[in-house]
Amino acid sequence: MTITFGAMPHICTGGVTSAVEAYSAAGGLAHGSLDATAYVCPAHVDTARTMWTDQGLSPFTAQAAKPNTTRCGAITDFRPTTDTPA
């Protein structure tokens, strides 16, 4: 399994309150595979949900673990990377 860490393209110093999970269909279920999570403040929940929807994933918003030091917009992505040889 590949895990990559990234960030959404916004700059925000808000406290993280939500983990917006991104699921793809697997095993006949719409939420069959957890593919990624974006950690966001209240102002960016809809932005994260739209980002996942635009990528063809189903978003689910959960409460983020407390306490946390994660910055708003941090992403953990479990999807395989597609490295192309040069």
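This report covers the fold, dimensions, surface and nonpolar core of a predicted model.

## Basis

The model is predicted, so local features need pLDDT of at least 70 and side-chain atom pairs count only at pLDDT 80 or more, while totals for chains, interfaces and linings use all residues. Residues are numbered from 1 along each chain as its sequence is written, and side-chain values use heavy atoms, with hydrogens and water left out.

## Fold and dimensions

Helices (H or I, at least four residues) and strands (E, at least two) are DSSP runs, numbered from the N terminus.

The C-alpha trace spans about 35 × 35 × 25 Å along its principal axes.

## Burial and core

Of the 86 residues, 35% are buried (under 20% relative accessible area, 1.4 Å probe, protein chains only). The largest nonpolar core has 15 residues; such a core is a set of buried Ala, Val, Leu, Ile, Met, Phe, Trp, Tyr and Cys residues joined through side-chain atoms within 4.5 Å. Met8, Ala38, Val40 and Trp52 touch the most other members. Strand S2 (18-26), strand S3 (29-40) and helix H1 (45-54) each supply at least two residues of this core, and H1 gives the most, with four.

Beyond its neighbours within four places in sequence, Ala38 is in contact (heavy atoms within 4.5 Å) with residues including Met8, Val20, Trp52 and Ile75.

Note on methods
Buried means under 20% relative accessible area, exposed over 50%, partly exposed in between (1.4 Å probe, protein chains only).
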